[in-house]
Amino acid sequence: MSQRNYRSAIVGTGGIATAHAEAVAASAGRASLAAAVDVDLGRAKAFAETWEIPRVHASLTDLLREGEVDLVHLCTPPALHAPLALECLEAGVTVLVEKPPTLSLAEMDALVEAEARSTAHVATVLQHRFGAGTLRLRRLADAGELGRPLLATCATQWYRDEAYFAVPWRGTWESEGGGPTMGHGIHQFDLLLSVLGPWREVTAVAARRARAVDTEDVSAALVTFDSGAVATVVNSVVSPRQTSALRFDYERATVEVEHLYGYTDDDWTVTPAPGHEDVAALWNRERSSVPSGHEGWFAAVLDALDRGEAPPVTAGDARRTMEFIAALYRSAFTGERVRSGQITPGDPFASRMDGTGTPWEKVRNP
């Protein structure tokens, strides 16, 4: 496996851009910050000065025209992800897209198709897959050490006040694609899906309970998996005691993690079933200091590129998570149980996550 230095450009220099800059800086010379891009050139220059980035641009087009970049980190508002990612693929530049990768399943399919035509790749930033605890859980589960998965719970219960939604692009279907299901809980239930594998059916509810937004501010779903496992998924931005919590009940043990925006090994607990105390020993034998976060995700991206492989999380992987989101919304707004593969091109919920419309009136974009 050969190593090289990858020239990274950060497009969109708002809050999440700092996490990307820190991940590049922590790569021990495997990547370097080559450019910063923002429609607000003054903000781009300030960001570049902070991180000692040599070049700034006011547009992605200007950056790609110079042709001196290997990786583009898309840190823009969600509505810009698909068009900018498509521009990168057309230029043959691998693009790393913040969540949610697109606003709809149709846009996700367009990225998958564009990637197939390109020499470059598209990867989504879903960093909780790459913490040591999740990697260990998947290894033990795949090896059969935990027995069959039986039940799981996944809760993203966060708190965002009205001031948070005063930002113009927040709280609308047109700019964010959805509420906490789309933009907040995605990290937790993507981890859930990555562990439990293909999902089969979703039954869900979504509601606007407290915030003056066009999207939901809470949702809940009951999910069945091909394995037969059953899970609940809760997403909220109205919960004063904030938590991100997942629990996996297997035949031989319960494995749990509770954190807020990123976990370490200390946030995980394992409770063996009677007669299977060896599971705790297996878990503790592999303890690690690697937390979930952009640093671990970016290291996995560089490892894959060094091997000549598509970087994680691939467009195909991200599509499965995006299909789950679309299915949750379709079930919530139609009252139907939705199966995997049911949302096909032409379905209203393929082109927009609010599909046939919400049961509440718009307040942001009436």
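Reply: Axes are lines fitted to C-alpha atoms, for helices over the stretch in contact, and angles run from 0 to 180 degrees between N-to-C directions. Helices (H or I, at least four residues) and strands (E, at least two) are DSSP runs, numbered from the N terminus. This is a predicted model, in which local features need pLDDT of at least 70 and side-chain atom pairs count only at pLDDT 80 or more, while totals for chains, interfaces and linings use all residues. Residues are numbered from 1 along each chain as its sequence is written, and side-chain values use heavy atoms, with hydrogens and water left out.

Me: How are α5 and α12 oriented to each other?
Reply: Two packed helices are described by the angle between their axes and the distance between the axes. Here the axes of helix α5 (residues 105–117) and helix α12 (residues 315–334) come within 10 Å and cross at roughly 170°. Angles under 35 degrees count as roughly parallel, over 145 as roughly antiparallel, 65 to 115 as roughly perpendicular and the rest as oblique. The two helices, α5 and α12, are therefore roughly antiparallel.

Me: By class, which residues make up the contact of α5 with α12?
Reply: Contact means heavy atoms within 4.5 Å, and on the α5 side it is made by Leu105, Met108, Asp109, Val112 and Glu115, which meet Ala315, Ala318, Arg319, Met322 and Glu323 of α12. For the classes, Ala, Val, Leu, Ile, Met, Phe, Trp, Tyr, Cys and Pro count as nonpolar, Asp, Glu, Lys and Arg as charged, and the others, Gly among them, as polar. Sorted in this way, the contact of α5 with α12 has no polar residues, four charged and six nonpolar.

Me: How are α4 and α5 oriented to each other?
Reply: The axes of helix α4 (residues 81–90) and α5 come within 10 Å and cross at roughly 5°. On the α4 side Ala82, Ala85, Leu86 and Leu89 take part, and they meet Glu107, Ala110, Leu111, Ala114 and Glu115 in α5. Given the crossing angle, α4 and α5 are therefore roughly parallel.

Me: Which strands are the edge strands of the open sheet of six strands?
Reply: Two strands pair if DSSP finds at least two bridges between them. The open sheet of six strands has parallel pairing and the order β3-β2-β1-β4-β5-β6, and its neighbouring strands are turned by 25° against each other on average, direction ignored. Pairing on one side only is found for the edge strands, β3 (55–57) and β6 (122–124).

Me: Which residue in β5 is the bridge partner of Leu74?
Reply: Strand β4 (residues 71–74) and β5 pair in the parallel sense over four bridges. Both faces of strand β5 (residues 94–97) are covered, with Thr94 and Leu96 buried on one side and Val95 and Val97 buried on the other, where buried means under 20% relative accessible area, exposed over 50% and partly exposed in between (1.4 Å probe, protein chains only). The bridge partner of Leu74 in this strand is Val97.

Me: Which strands stand at the edges of the open sheet of eight strands?
Reply: This sheet has mixed pairing and the order β13-β12-β11-β7-β10-β9-β8-β14. Each edge strand has a single partner strand, so one side of each is left without a neighbour in the sheet. The strands at these edges are β13 (268–272) and β14 (338–339).

Me: How many disulfides does the structure hold?
Reply: A disulfide is a pair of cysteine sulfur atoms within 2.5 Å. For Cys75, the nearest cysteine sulfur is that of Cys88, 12 Å away. Cys75 is buried, with a relative accessible area of 7%, and Cys88 is buried at 0%. The number of disulfides in the structure is zero.

Me: Where does Ala28 lie, and is Ala28 buried or exposed?
Reply: Although Ala28 is not a glycine, it has a positive phi of about 55°. Ala28 is placed in the loop between α1 and β2. With a relative accessibility of 74%, Ala28 counts as exposed.

Me: What is omega of the cis peptide bond that joins Lys99 and Pro100?
Reply: Pro100 has its place in the loop between β5 and α5. The bond that joins Lys99 to Pro100 is a cis peptide bond, and its omega is about -20°.
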